[in-house]
Amino acid sequence: MLAVKEELTVALLNALQTARSNGEIDFAEIPKFAVERPPHHSFGDYATNLAMMLGKQIKRNAIEVANIIVKHLKFDTGLVERVEVAGSGFINFYLRSGWLWDVVRQVVNEDERYGHCNIGMGEKVQVEFVSANPTGPLHLGHGRGGVLGDSISRLLEAVGFKVEREFYINDATMSAQMRKFGQSLEARYRELLGLPAQLPEDGYKGEYVIEMAKELLKECGDKYLHILEKDRIAKFIALSKEKMLKRQKDVLERFGIRMDNWVSEQWLYDEGRVKDAIDRLISSGYTYEHEGATWLRSTAFGDDKDRVLVRADGMPTYLAADVAYHIYKYERGFKKLINIWGPDHHGYVMRLKAALQALNYDVSKLHIIVYQIVRLFKDGELVPMGKREGEMITLEEVIKWVGVDATRFFLLMRSPDSPVDFDLTLAAKQSQENPVYYVQYAHARACSIFRQASIERHPALTIPKEQVDLSLLTHPSEQLLMREIADLPDVVMEAATHLEPHRLTSYAYQLATAFHSFYTSCRVLCDDEKLSSARLMLTNAARIAIRNVLSLMGISAPTQM
């Protein structure tokens, strides 16, 4: 069964194409339009503003356009009973009686598969996310990138894509960050041995560096004092990377994130891939020399200025390594490449795409999501964060304070292009003020109804599901709950198609609200055995829908709270 809004949308698009082929409507492109539940049932089960949007675009009367569209609408499933054109040009769809009862049966039958589909047909998609420098613990910004990437991956898998999750390790030993981190660790190591030491300018001052130095001292004693300084710094760079990367991996696993691949920037250098990428760009004709440096003529592809590819001292820039990395991605044959980047990467989008276009790669396959900052609040006060100054609140600490579920939910609540204000005080609350608690409580409440029915040995439990009379579900709160449940396949489809997992949090909250209202208004375990069996099936459908949407966010569905 198609998602309802998807089925209506497909029918509308087909009708438009037929009307254009017949010469009844002429348009250059189909405008953005919505298929939504109207504010009142008298306007139908669903409505669309397509005719109004198209009429405005082609300067024709919306009602006239609507009537042309409706004339060509075809539905093969029998879902739509009738279609009407409203006075303003809205097209209203009235679905056949009993369609909501079919939804309840569908949910119970499909169970964990409800909301899923196979539009991806097993096509390979890569999602690269987090990709933090191994110079410090993961912070809440990395957490946002992590939960965005992981939820997008879950959504794409739910609609039939084969997804590979990847972490790009920014670990080139020649980078200034890696060198300063190694020098900072070496300085703390010397201090612990009672020797004079000085942190490098703009070095890493966090407590985690001291902790790492203590670990090193415990493991190896003073043996690193007896090697040449040059070799010692190189060793400390390698050790700091190894230890920090392990810590990052451990935290991600606790956060419910698993990576399929870990690709090292240093590996790209060691394999000659960075040099090869530079050579290919030079051969493309889109580079030039200026003041001893090699520049990419990225303005030829819409960038606001040309970018340095190789510095005057012969050192490649980050861009060169990024190009090599993306060439490696294209070589692996993914249908789509999705990058989740932090807020400090806005300027990198155009230059990377320019370089790939210079090499004739199809950049329409590459989708880059740049998410905005996370601001942390506690008791109404902004919590300052800064990695090098040691003031950072780590992702690990936030998880300890409020748990994995609340952390993930709060980081998903806003669109990636909007900042997130993370309220630690609210996230820690075990009350219905906390949105994730509110949603999880709806699932636990549904489970408690079945436990109570089992304890009471309620006769409704003995009625086979095929014989349950769902036509008894006529109360407004029952109808609303069924409509919310029916929306899940569309929500999943839209969130996956637009790469917008924040839609899941909004939907989960609406679904939980509908269930809490149903619970308050309708006694599930009542004296009417047939009505109880119908309400139990509806309760089970709600439980499944809540669990499934929480699962797509990587959030647990507790059975007791």
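Colleague: How many helices and strands does the secondary structure of the protein come to?

Modeller: This is a predicted model, so everything here is computed from it. The C-alpha trace spans about 85 × 65 × 40 Å along its principal axes. Its secondary structure comes to 20 helices and 15 strands.

Colleague: Thanks! What percentage of the residues in the protein is buried?

Modeller: Let me begin with the contacts. Among those with a separation of 6 or more, 72% are between residues 24 or more positions apart. As for burial, the protein has 561 residues, and the buried share is 53%.

Colleague: Is R232 buried or exposed?

Modeller: R232 sits in helix α8, which runs over residues 229-254. Leaving out residues up to four places away in sequence, R232 touches E186, R190, Y224, L225 and I227. Its relative accessible area is 8%, and because the cut-off for burial is under 20%, R232 counts as buried.

Colleague: Which residue has a side chain joined to that of R232 by a polar contact?

Modeller: E186 is one of the residues that R232 touches. The polar contact between the two side chains is 2.8 Å, and the partner of R232 is E186.

Colleague: How is α7 oriented relative to α8?

Modeller: Two packed helices are described by the angle between their axes and the distance between the axes. Helix α7 (residues 207-220) packs against α8 with the axes 11 Å apart and an angle of about 110°. Because angles of 65 to 115 degrees fall in one class, α7 is roughly perpendicular to α8.

Colleague: What is the handedness of that crossing, where α7 passes α8?

Modeller: On the α7 side, the contact is made by Y208, E211, M212, E215, L216 and E219, and on the α8 side by F236, L239, S240, K243, M244 and R247. By class, these are six nonpolar, one polar and five charged residues. The crossing of α7 past α8 is right-handed.

Colleague: How many nonpolar, polar and charged residues does the contact of α10 with α11 have?

Modeller: The axes of α10 (residues 273-284) and α11 (residues 318-331) come within 8 Å and cross at roughly 95°, which means that α10 is roughly perpendicular to α11. From α10, the residues are R273, V274, A277, I278, R280 and L281, and they meet A320, A321, V323, A324, I327, Y328 and E331 in α11. By class, the contact has ten nonpolar, no polar and three charged residues.

Colleague: How many of the eleven residues of helix α17 are buried?

Modeller: Helix α17 covers residues 476-486. What covers its buried residues includes α4, α18, α19 and α20. The buried residues are S477, E478, L481, M482, R483, E484, I485 and A486, so the helix is mostly covered, and the number buried is eight.

Colleague: Where is D379, and is it buried or exposed?

Modeller: Most residues other than glycine have a negative phi, and most peptide bonds are trans. D379 is not a glycine, yet it has a positive phi of about 55°. D379 lies in the loop between β13 (374-378) and β14 (381-383). With a relative accessible area of 59%, D379 is exposed.

Colleague: And is L499 buried or exposed?

Modeller: L499 is a residue other than glycine with a positive phi, near 55°. Its place is in the loop between α18 and α19. The relative accessible area of L499 is 9%, so L499 is buried.

How values were computed. Residues numbered from 1 in each chain as written. Predicted model: local features only at pLDDT ≥ 70, side-chain atom pairs only at ≥ 80, totals over all residues. Heavy atoms only, no water. Helix = DSSP H or I, 4+ residues; strand = E, 2+ residues; numbered from the N terminus. Buried < 20%, exposed > 50% of the residue type's maximum accessible area, 1.4 Å probe, protein only. Polar contact = N/O pair within 3.5 Å; in protein donor to acceptor, adjacent residues only side chain to side chain. Contact = heavy atoms within 4.5 Å. Axes fitted to C-alpha atoms, helices over the stretch in contact; angles between N-to-C directions. Parallel < 35°, antiparallel > 145°, perpendicular 65-115°, else oblique. Left-handed = near helix turned anticlockwise from the far one by under 90°. Nonpolar A, V, L, I, M, F, W, Y, C, P; charged D, E, K, R; others polar.
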